[in-house]
Amino acid sequence: MANIVEIATNTEGFSTLVAAVQAAGLVEALATGGPFTVFAPHDDAFAALPPGTVQTLVDNPPQLARILKYHVVADKLFQADWSISQTLTSLEGSPIPIRAALEVKNASVIAADIEADNGVIHVIDRVLLMG
Amino acid sequence: MPTATSSKTLPPSSHAFADIIHRLEAGGSMLPDTPDNLKQIIGIYKAYAVPMDFYWRGLLYISERVFLNPLPAFKYFISDEYLDRPNAYAGDNADLRIWRGQADAHPELREFMAKGELKRKLPKWMHHLWHDRINMEFAEACMQAMFWHDDINPKFNAYLDSDAYKANADGAIRAYFKGNPAMLGLYKLFPDLFLEQVKRLSYYANLGLFWEVMAPVFFEMSDLYDEGKLTTVPEAMDFLVNGIFAIAGRPIYHHLYVGDECYEIIPKSEGFTWLYEAALPYVEAVFYRTSPFRGTKSYNAQAGQVPSEPKDFHYGILYADLFPVGSAGIPPTLLMQDMLHFLPDYLVEEYQQHTRGADDTLIQLGVTFQRSMYNVTSAVIQALRTALLYPLDDPNPQHLKANRDFFEQQLDRFQRPEARLKDIQQQTYR
């Protein structure tokens, strides 16, 4: 089985996420650490952000890393492991509320339970933001 | 702007401000979309941007250079270096050029600093003593509100209380007072007093970095309006929403310079961001809360005229009675005085045609400022809805209901009698 970074790199639709993870210097942590649950925004999710949003973050790696860490939980959680009204705690420290089935905060899960060596990936249709 | 489907899918809101909620659900602003409102808010954004160009430079100058000067009599005399300091997000050589416009201080600001209201070139100290200058006290009052309401910026404040911050501040204080045994001796006796002052200076940096972004945003909105490219109030709001997202990840940091040496008191690597550690706390502290101001009106706290909890304070511009009270706080008389110097001609003409004309221009422009800040607050509400909730044209009724609950919750804050939301719905409120 491949690790989280290898799966994202070799799967179509994650080029922005992979570039962001590289720019933030999180490749090694996500490739060798864990176990993690990663809510991985699809390329379309990044493209939906207003112009300049991603560029400002990519130019500032610590700030980008913080946003990306909000998409990671330090546990291996399959979709069956969480329930509505539950709140997960992100690696960034802020809570991620689960409001409905097949949803994580305000994002919909478009592909769930992609298992990796060091965790599990759920593909989502929006970039998650703290608050 | 997305086409909203809420009104087709959800029953009408029963909220006291149902009309305004439906307007927000349709992608609008709390401020009605009228040509007069657009003219007023854009004109005042321009008049605000010029002094703001001074405020952000002055705040960074004080946090980075004046620092703990025990006799800061010249702290408002910012150096040429800070007047020429390139805006990080505007100008040809910006690290990341998001907005057009020039990098260094605006020409109207430079002219005012040279000649003031007197229109005469005098030494800087004479303009200062005559109070013919930009009122930095307003900027400091905003900073103080952010510093004082310590529940609204939890991560930033937690860092200010951390050992890492204390160590960084200690290094900076020792470097700043190197060769000054008297101040180093005082520091040894009262370390917490010095540390508290450094924390305050970190808020100078925070607000300076926040306004460094807002000044070119407002200049560009004014330019776009003059070119006929901003034609409605929602367009003006959307420009702000896009700006909030574009710059959300800007680092918030605090550096001290002693000569050419830089001391990182809050390093950029801490990951603090413009949106979370500056913009949102600023809106809460300054637009909504601030504190009871010193002026012609007195408050009796024992009679319950001042809320017992700071979170319930409501002295911001969104609630302000704009009778001028000569205060640096809110209502921001000092800011109103600053904006008076840079009004575009079309606003001067407008004010002359209403109420008492030139005699009460300060009040009229204060009301305009109030309108414009309701529009900025609308942009923040729509940006939060975009970031944390759902699109306005979301097909899922549950999502639209969540959006509505959010809008209603936000507008609940304007149900208290001091709020001016109802007033700004009328063009006659001037």
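A crossing of two helices is called left-handed if the near helix is turned anticlockwise from the far one by less than a right angle, and right-handed if it is turned clockwise. This is a predicted model, where local features need pLDDT of at least 70, side-chain atom pairs count only at pLDDT 80 or more, and totals for chains, interfaces and linings use all residues. Residues are numbered from 1 along each chain as its sequence is written, with chains lettered from A and ligands numbered from 1 in the order in which they are written.

**View 1. Helices α7 (136–148) and α13 (274–289) of chain B pack at about 110°, axes 9 Å apart.** Helices here are DSSP runs of H or I with at least four residues, and strands are runs of E with at least two, numbered from the N terminus. The axes are lines fitted to C-alpha atoms over the stretch in contact, with angles from 0 to 180 degrees between N-to-C directions. So α7(B) is roughly perpendicular to α13(B) (that label covers 65 to 115 degrees). The crossing is right-handed.

**View 2. An open sheet of five strands in chain A runs β2-β1-β7-β6-β5, with mixed pairing.** Strands pair if DSSP finds at least two bridges between them. At the edges sit β2 (72–73) and β5 (103–104) of chain A, each pairing on one side only. β5(A) joins β6(A) (107–116) in the antiparallel sense over two bridges, and Val104(A) stands opposite Ala107(A).

Note on methods. Angles under 35 degrees count as roughly parallel, over 145 as roughly antiparallel, 65 to 115 as roughly perpendicular and the rest as oblique.
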